[in-house]
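Subject: Structure handover

Hello,

Here is the structure I promised to pass on. My notes follow below it.

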Amino acid sequence: MANLQLTGVKKSYGTVDVIHGIDLTIEDGEFVVFVGPSGCGKSTLLRMIAGLEEISDGTVEIGGAVVNDVAPSKRGVAMVFQTYALYPHMTVRENVAFGLKQAKTPKDEIEKRVTEAAEMLQITDYLDRKPKNLSGGQRQRVAIGRAIARHAEVFLFDEPLSNLDAALRVQTRLEIARLHARLDATMIYVTHDQVEALTLADKIVVLHDGYISQVGSPMELYERPDNLFVAGFIGSPKMNFVDGVAKGGSIHMTDTNSISASVPDGDVVVGLRPEHLSPCAPEEAMLVGTLDMIEKLGEYALVHMSGPNGESLVAKFDLPPTGAQGSKIYLKADVDNVHVFDKATQQRIS
């Protein structure tokens, strides 16, 4: 396997810049997830690593060698696409073996690798079928098997689960996690689904408008987001944001509701995750919401409210409140789980 190093990587289409000087190190054997909203540049960056997109500036190194001018087939990478990209006229066996045949791999070695990949992904029974006779999840496993059979140094996944239904996404996600543990391979995985990112990654790279917003482990991003964008993107349901004014060691969110906080005076945004809010007596309240709707989800309830300044708020309670729509909900949060951001710069205030 191999490590990757991106240095000052940029991508432009004419006068339009879409990737703005990415610097990133991916260690040998890491599972790294590129996550962000549609149009943030994550798939473009992955394709530049694969050699399917030309690099406008900067360098990409794989295993210590610069590969900017190296053909995709010579980079030691294997890519799994969102659309499977299987040949419909070939059997599963022929699809998995295709890249090896193109590389003139000996027949006995091809058979060995195809068998290994099929057993690993539990598709041995499908080897003589055509793709049209497979389910979506089975087709995706065939596409992954084709990548495994190449014995690549780096595996690249471009939103591989987006065409699957919810149950298959969970199942295939687990299979990919097991695959990484078994192969101990360097993997880069692109998704817009932050749940996939949190459950799969050793390291998450959050991209926004062609820039890296933050790099860190799933829990680092969840517990200590660097800025408002990451705070709002990582976590489901997403973090609540309430405007406030910091003054004299307190943050005032309304005339009557405040929280103690040692931050510089000025306009701030207070971040509160739904799972860190709990109901309380009026005199203990950090925040007061007006009940809009309750989602009863069995083991917990999501309580939707309007905040003191008209914000949309969501709290996650073990039991749903008993009040009617329009009633007041008094909320508190542990001080250790309150996030504060500078309103002007949108950056975290330590």
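Start with Arg-93, which is partly exposed at 28% relative accessibility (buried means under 20% relative accessible area, exposed over 50%, partly exposed in between, with a 1.4 Å probe and protein chains only). Before going on, note that this is a predicted model, where local features need pLDDT of at least 70, side-chain atom pairs count only at pLDDT 80 or more, and totals for chains, interfaces and linings use all residues. Residues are numbered from 1 along each chain as its sequence is written, and side-chain values use heavy atoms, with hydrogens and water left out.

**Salt bridges**

Arg-93 pairs with Glu-111 in a salt bridge, with 3.4 Å between the closest N and O atoms. The term means a side-chain nitrogen of Lys or Arg within 4 Å of a carboxyl oxygen of Asp or Glu. Arg-93 sits in helix H2 (residues 92–102) and Glu-111 in helix H3 (residues 107–121), so the bridge ties together parts 18 residues apart in sequence. Helices (H or I, at least four residues) and strands (E, at least two) are DSSP runs, numbered from the N terminus. Glu-111 is partly exposed too, at 39%.

The whole structure holds eight salt bridges. Another one joins Arg-141 and Glu-175, at 3.8 Å from N to O. Arg-141 belongs to helix H4 (residues 136–149) and Glu-175 to helix H5 (residues 166–183), 34 residues apart. Both of these residues are buried.

Lys-343 and Asp-243 form a salt bridge as well, with the closest N and O atoms 3.2 Å apart. Lys-343 follows strand S20 (338–342) and Asp-243 lies in strand S11, so this pair connects parts 100 residues apart in sequence. Lys-11, Arg-47 and Glu-53 form a network of salt bridges.

**Asn-240**

Strand S11 (residues 240–247) also contains Asn-240. Asn-240 is buried, with 3% relative accessibility. A polar atom of the Asn-240 side chain lies 2.7 Å from the backbone oxygen of Val-314. Leaving aside residues up to four places away in sequence, Asn-240 touches several residues, including Leu-277, Ser-312 and Val-314 (heavy atoms within 4.5 Å).

**The sheet**

Five strands make an open antiparallel sheet, ordered S15-S19-S16-S17-S18. Two strands pair if DSSP finds at least two bridges between them. S15 (277–279) and S18 (312–317) are the edge strands, each with a single partner, so one side of each has no neighbour in the sheet. S15 and S19 (residues 328–333) are joined by three bridges. In one of them, Pro-279 partners Leu-331 of S19.

Best wishes

Terms used:
Polar contact = N/O pair within 3.5 Å; in protein donor to acceptor, adjacent residues only side chain to side chain.
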